[in-house]
Amino acid sequence: MPEAATHVGSGKVRELYELDGDRLLLVASDRISTFDVVLPTEILDKGRVLTGLAAFWFARTRDLVPNHLLALRPDGRSSECRRLGMLPLECVVRGYLTGSGWKDYQATGAVCGHVLAEGLRDSDKLPEPIFTPSTKAQEGHDENIDRDRAAELVGRERFDELERTAIALYELASAYAAERGILIADTKFEFGLDPEGRLVLADEAFTPDSSRFWPADEYEPGRPQPSFDKQFVRDYCETLGWDKTAPGPELPDEVVAGTRARYVEAFERLTGIDFDDYLAEPEVAFR
Ligand code: Q0N
């Protein structure tokens, strides 16, 4: 990471720097959050797993929609990206009813204007994936919005393009992952526009931080599902009687090791690439 690079943004676990007028550097740390709190203990290589997974999906979806990835750095956790004009929508696709979608459904029978059948249970598979955009909240959770509000923010035609593209991306990746024992319950994309006004997929794609990954062999609707990647961390935190406000607890070595193994397992199952091969030559892995 160049010391002089201007910091242009940060998420909970990633940082964004300006490289020059049209390129950014996206750096994924090994930090992990649970119950919305970043923990003081890092998961070795988590940032590399997520960076490699996103690069894998960008390569596999490039015919569907162009993406911002220009190059992976040799550290395996930093990506050079095209600088775009970002659209002000979090583009969420849900194939299963859980999280805020489940909450909204229980309160109103609908999610972002999609009226759903009665009697659905937590974690039920939806008959079709639904596009449920939200707006970035300055603090706290993103706010789910209906189609008309979303179309006001980006224009009707762009909204339709976003919905079609996001659903197609989800259908491609969720079918592929399901064959490899991972259910992608839902996922979030961010899109931007290039200088010609073309839609470009930005941020990360189908990582466990931007999606809910569930182990397919444990799927059982009617209850919350275990997280493929974070379940050890959650279970450990639940034993502590922690009130889930910052600061979070330190994680013991066994929990760190078990969680790292789950991230690596997700990477290897989905990409078919040995994680050590990725670490040796990140840039080569997805050519
Ligand atoms: C950008 N954010 C959202 C990553 C995500 N390609 C781009 N061009 C211009 N701006 C952005 C991207 C991207 N990706 C996306 N902010 C700026 C949130 N960030 C926060 C930090 O980590």
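Me: Glu-190: buried or exposed?
Reply: This is a predicted model with residues numbered from 1 along each chain as its sequence is written; local features need pLDDT of at least 70, and side-chain atom pairs count only at pLDDT 80 or more, while totals for chains, interfaces and linings use all residues. Side-chain values use heavy atoms, with hydrogens and water left out. The cut-offs for relative accessible area are under 20% for buried, over 50% for exposed and partly exposed in between (1.4 Å probe, protein chains only). Glu-190 comes in at 14%, which makes it buried.

Me: Which residue does Glu-190 meet in a salt bridge?
Reply: A salt bridge here is a side-chain nitrogen of Lys or Arg within 4 Å of a carboxyl oxygen of Asp or Glu. For Glu-190 the N to O figure is 3.3 Å. The partner is Lys-188.

Me: How far apart are the closest N and O atoms of Arg-121 and Asp-124?
Reply: Arg-121 is partly exposed at 42% relative accessibility, whereas Asp-124 is buried at 9%. They form a salt bridge, and the closest N and O atoms are apart by 2.9 Å.

Me: Which residues share salt-bridge partners in one network?
Reply: Start with a pair: Glu-220 and Arg-223 form a salt bridge at 3.7 Å, with Glu-220 partly exposed at 46% and Arg-223 partly exposed at 26%. Salt bridges that share partners also give one network, made of Asp-20, Arg-23, Arg-73 and Glu-80.

Me: Why is strand 3 largely enclosed by the rest of the structure?
Reply: Strands are DSSP runs of E with at least two residues, helices are runs of H or I with at least four, and both are numbered from the N terminus. Strand 3 covers residues 23-28. It is largely enclosed because, of its six residues, the number buried is five.

Me: How many bridges pair strand 3 with strand 7?
Reply: Two strands pair if DSSP finds at least two bridges between them. On one pairing, strand 2 (residues 14-20) runs antiparallel to strand 3 with six bridges, and a hairpin of two residues joins them. Strand 7 (residues 78-82) also pairs with strand 3 in the antiparallel sense, and Val-27 has Ser-78 as its bridge partner there. The bridge count for strands 3 and 7 is five.

Me: What angle do the planes of Phe-35 and Trp-242 make?
Reply: Rings of Phe, Tyr and Trp (its six-membered ring) pair if their centres lie within 6.5 Å, with planes under 30 degrees apart stacked, over 60 edge-to-face and the rest tilted. The whole structure has 15 aromatic pairs. Phe-35 and Trp-242 make an edge-to-face pair, 6.2 Å centre to centre, with an angle between the planes of 65°.

Me: How many residues apart in sequence are the parts that Phe-35 and Trp-242 tie together?
Reply: Phe-35 sits in the loop between strand 4 (33-34) and strand 5 (37-38). Trp-242 is in the loop between helix 5 (231-238) and helix 6 (253-271). The pair therefore ties together parts whose separation in residues is 207.

Me: Which residue lies over the face of Phe-35?
Reply: A charge sits over a ring if NZ of Lys or CZ of Arg is within 6 Å of the ring centre and within 35 degrees of the ring normal. Arg-262 does this over Phe-228, at 4.0 Å from the ring centre. Over Phe-35, at 4.2 Å from the ring centre, lies Lys-244.
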